[in-house]
Amino acid sequence: MPARPKWMPKSGVLHYGELAHLAAIAVENGIRKVRVTGGEPLVRNELHRFVGQLSRIPGLDDIAMTTNGILLGEQAQALKDAGLKRVTVSLDSLDPESYRKLTRRDELTRTLAGIAAAEAAGLPVKINIVVMRGINDEQLPTLADWGRRTGRRVRFIEFMPLEGDRIWNRSLLVPGEEIVRRITDHFPLLPEAPREFAATEREYRYADGQGAFGVIASVTRAFCGDCDRIRITADGGLRTCLFADSATDLRGPLRQGASDSELARLMGQAVAGKKAGHLIGLPDFRPPALAMNSIGG
Ligand code: SF4
């Protein structure tokens with residue numbers, strides 16, 4: 001999140017019924033998994049009602065959520081009961097001071113409690129850690145060790161130019177290969193497992209059998225070639241790539257009474273025009289106008 005986000009007017013934000021309607025059309029046309037993201041999804045009122053609407057869509061196999069975890073403790077059980085299947089929590093540091101600097105909030109304790117509550121409710125939890133040189137990369141062994149000790153799956157993610165404060169530059173990027181090497185210095189690993197089709201993460205298992213971690217090398221080992229994700233923003237823009245420079249407006253047609261087949265046609269057209277991938281590191285690269293908190297992580 002940028003320090004001073006620009007909030008969109010409430011009237012522009014799709015309500016749960018509208019979002020579930022678009023999800024149902026997407027599922028009818030081949031989508032099998034839906035992830036509820038943000039910004040921060042748990043700040044929306046009674047999110048479990050939306051998850052309940054999604055869970056009633058025939059043919060939808062998986063409903064996941066990505067959250068900062070702060071409000072998870074009070075909502076985990078209701079979300080699980082409504083049909084949520086799994087949770088990813090963004091947690092870039094286990095050090096209270098570093099967490100506070102990164103998030104501008106003093107909520108590490110609440111986030112950890114949220115993770116525990118989700119697990120107690122029976123939700124599998126993964127932890128996403130964006131690694132930034134000079135900011136949290138010194139904590140790599142501590143974070144890996146925490147994953148090993150708690151049995152939690154941590155995933156280390158290369159820093160991408162999608163943050164609201166526009167601080168990204170190549171020197172802040174810790175390449176996936178370096179992340180693996182620095183963890184190997186502390187905990188020997190088995191050889192890298194082959195990446196599954198359309199998966200974002202590569203898996204590394206500890207040689208002593210104590211679990212595994214993932215690396216999402218979105219910059220240095222991009223997986224755009226088999227990326228099958230599309231995103232619908234809070235205001236109904238369909239984006240076929242995190243780095244797309246435009247979106248297909250679905251809110252307008254939806255509110256003007258477009259038929260399901262027309263909305264499906266618009267979605268199909270957007271997907272057919274999906275670009276080959278991001279251009280990070282190439283001369284033509286321009287960061288997208290929208291930051292990750294507006295696109296959906
Ligand atoms: S950069 Fe775009 S195409 Fe590549 S993996 Fe991310 S969303 Fe998919």
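I located Glu46 in the loop between E1 and H2; helices (H or I, at least four residues) and strands (E, at least two) are DSSP runs, numbered from the N terminus. I note that this is a predicted model, in which local features need pLDDT of at least 70 and side-chain atom pairs count only at pLDDT 80 or more, whereas totals for chains, interfaces and linings use all residues. I number residues from 1 along each chain as its sequence is written, and side-chain values use heavy atoms, with hydrogens and water left out.

**Backbone**

I looked up phi for Glu46 and found it positive, about 45 degrees, although Glu46 is not a glycine. Glu46 has a relative accessible area of 40% and is therefore partly exposed, since buried means under 20%, exposed over 50%, and partly exposed in between (1.4 Å probe, protein chains only).

In the loop between strand E1 (33-36) and helix H2 (47-55) I also placed Gly39. I recorded the peptide bond from Gly38 to Gly39 as cis, with omega near 5 degrees.

I then turned to Ala198, in the loop between helix H7 (176-184) and strand E6 (202-205). Its phi is near 65 degrees, again positive in a residue other than glycine. With a relative accessible area of 11%, Ala198 is buried.

I noted these entries because most residues other than glycine have a negative phi, and most peptide bonds are trans.

**Ligand shell**

Which residues are around the ligand? I listed Phe223, Cys224, Cys227, Arg231, Cys241, Leu242, Phe243, Lys274 and His278, a residue being near a molecule or strand if one of its heavy atoms lies within 4 Å of it. I sorted this shell into six nonpolar residues, one polar and two charged; Ala, Val, Leu, Ile, Met, Phe, Trp, Tyr, Cys and Pro count as nonpolar, Asp, Glu, Lys and Arg as charged, and the others, Gly among them, as polar.

Cys227, at 27%, counts as partly exposed, whereas Cys241, at 15%, counts as buried. I counted zero disulfides, a disulfide being a pair of cysteine sulfur atoms within 2.5 Å.

**Ser98**

I placed Ser98 in helix H4 (residues 96-103). It counts as buried, at 11% relative accessibility. Leaving aside neighbours within four places in sequence, I found Ser98 in contact (heavy atoms within 4.5 Å) with Ser93, Ile135 and Gln139. The side chains of Ser98 and Gln139 are also joined by a polar contact of 3.1 Å. A polar contact is a pair of N or O atoms within 3.5 Å; within protein, one must be able to donate a hydrogen and the other to accept it, and residues adjacent in sequence count only if both atoms are side-chain atoms.
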